[in-house]
Each structure stands twice: as structure tokens, then as C-alpha cells.
Amino acid sequence: MAPNLRALLAALLILLTLGAPAFAVQPDEVLGDPALESRARTLSAELRCMVCQNQSIDDSDAPLAKDLRLIVRERLKAGDSDSQVLDFMVARYGEFVLLRPRMSWRNALLWGAPILVLVLGALGAVLALRRRSAAAPAPRLSAAEEARLKALLAEGDGAGSTKP
């Protein structure tokens, strides 16, 4: 095998390894009951890592994310439903812990802002088009007015002209 081909294959292998998803759940965290573990993974995917902020606690390696995963598993083992676990986490850490915020009056602006921006943009476009069409072009001159204008322009060119 040529040295260049080996280097290319090694680089490709490294890139593929780096691109693989990293699951942060450690073997000692996994529950013995597959059904509970599945629920825990689903809930962990819905909760935000407070350190990473753009990852779920299921994907994060941060120590706080591990603590949150353990809390989720403890609550599930205690018999809590999925909604009770999420409510517990929201009560403890605030609604920011949810990757997808709930619809409520407190965050209505968050959910309504895109619609509000679209409506205001459409309203502005309609008003601009109305103004543009309302500004009618200047009326055309009558034949007499055009003749008078040509006479005035001819007079102006000849009276003060310093052309050779």
C-alpha cells in the first residue's frame, strides 16, 4: 500500500471517529429495567444541560448533566411519571432547563414573536404599496401649455446666452 494512501485512510478514519455521536451516559448510570432506561433517555433528550446550554443532558459530559441524569433516573425509579419528572426539574431549575419551552403566558412573546414580525412586515408592505399607488403621476400639460413652455425655454436660451 502506498504511503499516501495509508495517510489518506488514516485521516479518513480519524474524521469518521470524530464525527460519531458521543453519548455521555456512563455505564454505571444505565438502569437495569430497559423500559425505565428508555424513558430516562427520552426525558434526558428533552432537558437542557445548564453548562453547555445547547446540548441535552443526554449528550453532555458536564458534571452537572450527569447529576441531572441521575436525578431523572432516581425520580423514575421512585415511580414518577414523565410529566412529574419534567415538572420537578422545571420547579428546581426553571423553565430554561427544557430544550423546548412550554406554551404559557409567561413566554407568549417567545412563541408569538415570529408571527408578530411576519404580520407587521406584511402590514408595512401593504402600506408602502398603497402610498406608492396613491402618489399619482403629475398630470400632462395641455398643448397650449407645452407651446408656452417651449417659447419660454427658447427665450431663456437666447436672452442670457454667451455661446459663441
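Let me start with where α2 meets α3: Leu 36, Glu 37, Arg 39, Ala 40, Arg 41, Leu 43 and Ser 44 in α2 are in contact with Arg 69, Val 72, Arg 73, Leu 76 and Lys 77 in α3. Contact here means heavy atoms within 4.5 Å. By class, these residues divide into five nonpolar, one polar and six charged. Nonpolar covers Ala, Val, Leu, Ile, Met, Phe, Trp, Tyr, Cys and Pro; charged covers Asp, Glu, Lys and Arg; the others, Gly among them, are polar.

This is a predicted model: local features need pLDDT of at least 70, side-chain atom pairs count only at pLDDT 80 or more, and totals for chains, interfaces and linings use all residues. Residues are numbered from 1 along each chain as its sequence is written, and side-chain values use heavy atoms, with hydrogens and water left out.

The helices are DSSP runs, H or I, of at least four residues, numbered from the N terminus. Two packed helices are described by the angle between their axes and the distance between the axes. The axes are lines fitted to C-alpha atoms, for helices over the stretch in contact, and the angles run from 0 to 180 degrees between N-to-C directions.

For α2 and α3, the axes come within 10 Å and cross at roughly 135°. That makes α2 oblique to α3, where oblique is what remains after under 35 degrees (roughly parallel), over 145 (roughly antiparallel) and 65 to 115 (roughly perpendicular). The crossing of α2 and α3 is right-handed, that is, the near helix is turned clockwise from the far one by less than a right angle.

Next, α3 and α4. Helix α3 spans residues 63-77 and helix α4 residues 82-93; their axes come within 10 Å and cross at roughly 135°. So α3 is oblique to α4, and the crossing is right-handed. On the α3 side the contact is made by Leu 68, Ile 71, Val 72, Arg 75 and Leu 76, and on the α4 side by Asp 82, Val 85, Phe 88, Met 89, Arg 92 and Tyr 93. The classes are eight nonpolar, no polar and three charged.

Is Phe 88 buried or partly exposed? Its relative accessible area is 24%, so Phe 88 is partly exposed; buried means under 20%, exposed over 50%, and partly exposed in between, with a 1.4 Å probe and protein chains only. Leaving aside neighbours within four places in sequence, Phe 88 is in contact with Ile 71 and Arg 75. Phe 88 and Arg 75 are 13 residues apart in sequence, and their C-alpha atoms are 8.9 Å apart.

Arg 39, Leu 43 and Glu 46 of α2 meet Asp 82, Val 85 and Leu 86 of α4, giving three nonpolar, no polar and three charged residues.

Finally, two loop residues. Asp 80, between α3 and α4, counts as buried because its relative accessibility is 14%. Its side chain makes a polar contact (2.7 Å) with the side chain of Arg 75. A polar contact is a pair of N or O atoms within 3.5 Å; within protein, one must be able to donate a hydrogen and the other to accept it, and residues adjacent in sequence count only if both atoms are side-chain atoms.

Asp 58 lies in the loop between α2 and α3 and is buried at 7%. Its side chain makes a polar contact with the side chain of Arg 41, at 2.8 Å.
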